[in-house]
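Please open the model in your viewer and keep the selection panel at hand.

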Amino acid sequence: MISKYKRPSGSKGYTLVEMLVAVGLMGLVTVGVLSFVFQTMRIYSYDGGRLMVNRDMRSFTNTLANDAVASNYFRIYPDFQTRTAFVTDGTSGDFLVLAFTDSNNATGAYYITQLVGYYRDPADPTNPSSLGPVRRFSTMIATADQSKDLPTLVAQYVPTSTTANNPVVIQLAQGLSDGSLFYDYRDRSIMVRGQIVDYGARGGRAAVNTYNFTVSPRG
């Protein structure tokens, strides 16, 4: 007769089945812990992106508002390269030009002393509605040219080949007004409607926020 093996009384060893069960449980616990850690990191990255988006929105809003209220009037063009004609009331574009003027006390004539511009620089030039940073430029007008009209000064003082040299005021923006960022409201106010996207330092789900505000030159 073959007798079954019995573990000696007081033995401290483990059977193979017990070890396999223990390893399996440890594996499940490890998977659960790692899933929790990865989910926490994703949430942390997303929340960090949202904070960055909100910070960028406040900075952009303040900068544009300060320039707009100090300017005298504005024109919106379809994009940074298209200067042939500006858009009219009820339409939108991706290139905003703010004109600063002064007057001659003797003649009462107004002349342009400075131009400040904002434009969206799409990452894909063949797709104007693609994401891209918003850049800003500021240029002073020479005394000899101050009597010229705005389209002439835009063509003369705002080159199209130095896009990357102009500082970024907000990253990865996308327009919502017919795919553009700046909307002309009755030729008196500028409505800014867009989205800001931040992918975060760790990648993953993008943080997106929409902004919608209106600024008006002093006239």
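**A tour from the core to a loop**

Begin by selecting leucine 64, which touches Leu96, Leu98, Tyr118, Phe182, Val192, Phe213 and Val215, where contact means heavy atoms within 4.5 Å and residues up to four places away in sequence are not counted. This is a predicted model, in which local features need pLDDT of at least 70 and side-chain atom pairs count only at pLDDT 80 or more, while totals for chains, interfaces and linings use all residues. Residues are numbered from 1 along each chain as its sequence is written, and side-chain values use heavy atoms, leaving out hydrogens and water.

Next, display the largest nonpolar core, which has 23 residues; Leu64 and Leu98 have the most contacts inside it. Such a core is a set of buried (under 20% relative accessible area) Ala, Val, Leu, Ile, Met, Phe, Trp, Tyr and Cys residues joined through side-chain atoms within 4.5 Å. Its largest share, four residues, comes from α1.

Then select Leu115, Tyr119, Val154 and Val158, which are among the 15 residues of a second, separate core.

Finally, move to threonine 91, in the loop between β1 (73–77) and β2 (92–93); strands are DSSP runs (E, at least two residues) and helices likewise (H or I, at least four), numbered from the N terminus. Threonine 91 touches Phe182, Tyr183 and Asp184, leaving aside residues up to four places away in sequence. The C-alpha atoms of threonine 91 and aspartate 184 are separated by 5.8 Å, although these residues lie 93 apart along the chain. The side chain of threonine 91 also reaches the backbone oxygen of threonine 88 at 2.5 Å.

Notes. Polar contact = N/O pair within 3.5 Å; in protein donor to acceptor, adjacent residues only side chain to side chain. Buried < 20%, exposed > 50% of the residue type's maximum accessible area, 1.4 Å probe, protein only.
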